[in-house]
Amino acid sequence: MVEGLTPVPPAREYPEFTEDGIRELWMGLDVKELTWESFHRAAIRSMPHEERDKIVGLFKDKGGEYKSRRPTMVEFIEVVLSIEWLGRWEFDRQDEFPMFVRNLENRVELAKLLDGETDYVG
């Protein structure tokens, strides 16, 4: 090892796509501003279009509008577990769920940068 160089830190460990892992994710999030819309945006941001149509009803009420109150922890866990695409494994690894975690953690900045929102909270 060359002296003076900072060692590379270990890779980040993401929660697992399990009830306990999703609960761990929820507990680590700032959820006081989490809305059904921002939850939906985080879920679909990296999805192919054909997968997006399958889950839109999970975030909206019967009138087609986003649910008005914040999701509870139980609702959050149930919705995430019901999105099969997030739990998909390919080549012995799971890429979609860690991508969702990053999208959720950075949802406000992503909405501003990618969607053109200005005073976005969520």
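Is the crossing of helix 2 and helix 5 left-handed or right-handed?

A: The crossing of helix 2 and helix 5 is right-handed. A crossing is called left-handed if the near helix is turned anticlockwise from the far one by less than a right angle, and right-handed if clockwise. Helices here are DSSP runs of H or I with at least four residues, strands are runs of E with at least two, and both are numbered from the N terminus.

Some remarks on the source are needed at the outset. The model is predicted, and local features need pLDDT of at least 70, side-chain atom pairs count only at pLDDT 80 or more, and totals for chains, interfaces and linings use all residues. Residues are numbered from 1 along each chain as its sequence is written, and side-chain values use heavy atoms, with hydrogens and water left out.

Two packed helices are described by the angle between their axes and the distance between the axes. For helix 2 and helix 5, the axes cross at roughly 145° and come within 8 Å. Such axes are lines fitted to C-alpha atoms, for helices over the stretch in contact, and the angles run from 0 to 180 degrees between N-to-C directions.

The residues that meet are F39, A42 and A43 from helix 2, and F100, N103 and L104 from helix 5. By class, this contact has 5 nonpolar residues, 1 polar residue and no charged residues. In this classification Ala, Val, Leu, Ile, Met, Phe, Trp, Tyr, Cys and Pro are nonpolar, Asp, Glu, Lys and Arg are charged, and the others, Gly among them, are polar. Contact means heavy atoms within 4.5 Å. Leaving aside neighbours within four places in sequence, F39 touches L34, F59, P71, F76, V79, V80, F100 and L104.

F39 also belongs to the largest nonpolar core, which has 26 residues; F39, F76, V80, I83, F97 and F100 have the most contacts inside it. The elements giving two or more residues to this core are helix 1 (19-28), helix 2 (36-44), helix 4 (73-82) and helix 5 (96-105). Helix 2 gives the most, with 5 residues. A nonpolar core is a set of buried Ala, Val, Leu, Ile, Met, Phe, Trp, Tyr and Cys residues joined through side-chain atoms within 4.5 Å. In soluble globular proteins, nonpolar side chains tend to be buried together.

Helix 5 is largely enclosed by the rest of the structure, because 7 of its 10 residues are buried. Buried means under 20% relative accessible area, exposed means over 50%, and partly exposed lies in between, with a 1.4 Å probe and protein chains only. The buried residues of helix 5 are E96, F97, P98, F100, V101, N103 and L104. M99 is also found in helix 5, but M99 is partly exposed, with a relative accessible area of 27%.

Helix 2 also holds a charged pair. E37 forms a salt bridge with R41, the closest N and O atoms being 2.9 Å apart. A salt bridge is a side-chain nitrogen of Lys or Arg within 4 Å of a carboxyl oxygen of Asp or Glu. E37 and R41 both lie in helix 2, 4 residues apart, about one turn of the helix. E37 is partly exposed, at 27% relative accessible area, whereas R41 is buried, at 16%. The structure holds 7 salt bridges.
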